[in-house]
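Visitor: I would like to be walked through this model slowly, with each term held against its rule before anything is concluded.

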Number of protein chains: 2
Amino acid sequence: MAASFFSPVRLVGVIGSDCPFDLAEVFAGRNVDLAGLEVREQSKTFRWAGTYHENMDSRTTDRLELNVLAEAPPRVPDSFRDSKFVFLANTAPRLQHQLLEQIRAPAFVAADTMNCWIEGHLDDLKPLLKKIDCLIINEDEARMLGKEHNLVRAGEKILDMGQGVVVIKKGESGSILCSADGDKFVLPAYPATDVKDPTGAGDSFAGGFMGHLAQSGKTDFETLKAAVAYGTVVASFTIADFSLNGLNSIERADIDSRLETLRKLTQF
Amino acid sequence: MAASFFSPVRLVGVIGSDCPFDLAEVFAGRNVDLAGLEVREQSKTFRWAGTYHENMDSRTTDRLELNVLAEAPPRVPDSFRDSKFVFLANTAPRLQHQLLEQIRAPAFVAADTMNCWIEGHLDDLKPLLKKIDCLIINEDEARMLGKEHNLVRAGEKILDMGQGVVVIKKGESGSILCSADGDKFVLPAYPATDVKDPTGAGDSFAGGFMGHLAQSGKTDFETLKAAVAYGTVVASFTIADFSLNGLNSIERADIDSRLETLRKLTQF
């Protein structure tokens, strides 16, 4: 949804028959190709339940059911195999790897991951990091993976693991972009006054980030910086409401307008 | 020390005879007038001891001895009474008030405060907020004073208490500047890789901030934004070493050079 404001999107994913939404309806009118969406009648959809703490940044997982995500990954349709900009959303690194292998010649691959894969599946994650161009990760995960508390140094240690770019998301404290060439960019979060639900902020950030790269067709550092800014802005709309309501109530012009506001707020 | 890189400084303060430093020696060669420094032979110097936690932002006070700060404030020398840019460093709000009353016609007054005054001396603090132009405060204190978790809203509630500008310092997450006119500015911290001791970061920030205002002689919002950036940069040198070592090992040109680096790091 977040990326579709910028560029056509090809969605690959798998849900069970228990999914309470009709995804064709959810994405109606959006430039999102659902040919890669698989519904497994005998399986149950991934579910997560958690509690956000006072600062809306840290959260506790109350219940995690991998369900269908613990099974074989969905098949990438033939019509998707020429994709150039690929985002591997958070799932088991082995599955991310299997999905990536189905893309013929990607130009830029970014991946998300999370604490349970860093802790329990590092042997799968490390080879994946050598196959991708960019890791998008939150600050606690960066510290865990980099084995380093200072985030700039953690970022540098993660870059040593292979991929050329790392984006560290710090919630309401913004984000840091580091490249293996030594370039750095730091951006505060959009100073939102109304935060209803931060769920999906990270995925919305990744969607805006990848969407801008795909739209511009470039991945130089200046474009990556703008992509971080677009990701920041899209996430700021997501957290203003529950579910996809924040994104459903805006148009592309609202994103561009808030990007200019963010630029004004941060320049001196 | 931080402000003296920018502008002549007139220091007003009081210490006991137990102070382990010769302050004339500490400030030798700096443009700091010590005519307002009082040494009370029968008193003991203020002391603080604390423990920094892993993230270097939160800390626990292990020991606090107000000592001489619990006594009458020092006298402002006649030669200082025409000062235009005044910073009331953290002490009891009643003492800050008594110090400010000795300045004839200040152009811009900023004050720091801390949790113990917000909790225990709000009746003294609130009238002070109506007499100053700017409150410089850290994020926990802003939440406590504004009775609001969201920092942008906390800033707005603090502005309602009277002063025209509030600066909220968020440690390694940067700072937010809000004015009663509705202007806002958000700046990340300088992405430092070597943090030895954050003690004094807030005072160094205030010194750089006030120093730039005094040097430029202006307090419009663009100048305030630059002042926040200078404060951020000066603090980044302070935390790289213990005591004043970080500031003793640099020159003004190092500050300007890092300001340009910070500008490059944050622009898109």
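Visitor: How many salt bridges are there between chain B and chain A, and what makes a pair count as one?
Guide: The count between chain B and chain A is four salt bridges, where a salt bridge is a side-chain nitrogen of Lys or Arg within 4 Å of a carboxyl oxygen of Asp or Glu. Over all chains, the same rule gives 32 salt bridges. This is a predicted model, in which local features need pLDDT of at least 70 and side-chain atom pairs count only at pLDDT 80 or more, while totals for chains, interfaces and linings use all residues. Residues are numbered from 1 along each chain as its sequence is written, chains are lettered from A and ligands numbered from 1 in the order in which they are written, and side-chain values use heavy atoms, with hydrogens and water left out.

Visitor: What makes the salt bridge of A:Arg153 and B:Asp194 one that joins two chains?
Guide: The side chains of A:Arg153 and B:Asp194 meet at 3.2 Å, N to O. A:Arg153 lies in helix α6 (residues 151–159) of chain A, whereas B:Asp194 lies in the loop between β10 and α7 (201–216) of chain B, and therefore the pair joins two chains. Helices (H or I, at least four residues) and strands (E, at least two) are DSSP runs, numbered from the N terminus.

Visitor: How many residues does each chain bring to the contact, and what area is buried?
Guide: Chain B and chain A bring 30 residues each, contact meaning heavy atoms within 4.5 Å. The area buried between them is about 2,800 Å², of which carbon and sulfur atoms give 56%; buried area is the accessible area (1.4 Å probe) that two parts lose on being put together, summed over both.

Visitor: How many residue pairs between chain B and chain A are in polar contact, and which element gives the largest share of chain B's side?
Guide: There are 15 residue pairs in polar contact between the chains, both residues at pLDDT 80 or more; a polar contact is a pair of N or O atoms within 3.5 Å, and within protein one must be able to donate a hydrogen and the other to accept it, with residues adjacent in sequence counting only if both atoms are side-chain atoms. On the side of chain B that touches chain A, α6 (151–159), β10 (184–187), α8 (221–238) and α10 (252–266) each supply at least two residues, and the largest share, six residues, comes from α10(B).

Visitor: Why are β5 and β10 of chain B said to stand at the edges of their sheet?
Guide: Six strands of chain B form an open sheet in the order β5-β6-β7-β8-β9-β10, with mixed pairing, and two strands pair if DSSP finds at least two bridges between them. β5 (85–88) and β10 of chain B each have a single partner strand, so one side of each is left without a neighbour in the sheet.

Visitor: How do you know that β7 and β8 of chain B pair?
Guide: Five bridges join β7 (residues 134–138) to β8 (residues 165–169) of chain B, which run parallel, and the rule asks for at least two, so they pair. In β8(B), B:Ile168 is the bridge partner of B:Ile137.
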